Amino acid sequence: MEQFDNESIYCRKLGHWLTFNYCRRENKGFPCRGIISCWFERIEIEKFLKENYEKGEISYLFEPQPSKLASIIELIEDTKRRNECNS
């Protein structure tokens with residue numbers, strides 16, 4: 001599973017360079033929703049996912065992605081929750 005961990009790519013969502021390691025664990029230990037669209041030109045991402053995850057663990061990756069606005073709202077809500085936990 002760790003064979004591509006040191007590969008890096010510019011993240012359009014966060015606006016800076018990230019390693020594959022981050023991308024495959026970004027979502028509470030599971031891959032980022034954008035992992036397929038970001039990595040398909042660099043590695044055989046769908047093959048990687050099928051070999052390393054159960055179908056139920058990654059089914060969300062094959063569903064339509066939320067709008068950018070919904071993603072921004074989700075990030076804001078996550079940040080608020082983290083700040084409340086740290087208070």
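A word on the source. This is a predicted model, where local features need pLDDT of at least 70, side-chain atom pairs count only at pLDDT 80 or more, and totals for chains, interfaces and linings use all residues. Residues are numbered from 1 along each chain as its sequence is written, and side-chain values use heavy atoms, without hydrogens and water.

Back to the strands. Strand 1 covers residues 8-11 and strand 2 covers residues 16-19. They run antiparallel, joined by 4 bridges. Pairing here takes at least two DSSP bridges between the strands. Helices (H or I, at least four residues) and strands (E, at least two) are DSSP runs, numbered from the N terminus. The two strands form a hairpin, with 4 residues between them. In the turn, G15 has a positive phi of about 80°.

Next, helix 1, residues 20-25. R24 sits in this helix. Is R24 buried or exposed? Buried, at a relative accessible area of 7%. The cut-offs: buried is under 20%, exposed over 50%, partly exposed in between, with a 1.4 Å probe and protein chains only. Leaving out residues up to four places away in sequence, R24 touches M1, E2, D5, G29, F30, P31, I35, F48 and Y53. Contact means heavy atoms within 4.5 Å.

Last, the largest nonpolar core. It has 14 residues. F20, I35, W39, I45, L49 and L61 touch the most other members. Helix 1, helix 2 (35-39) and helix 3 (45-52) each give two or more residues to this core. Such a core is a set of buried Ala, Val, Leu, Ile, Met, Phe, Trp, Tyr and Cys residues, joined through side-chain atoms within 4.5 Å.
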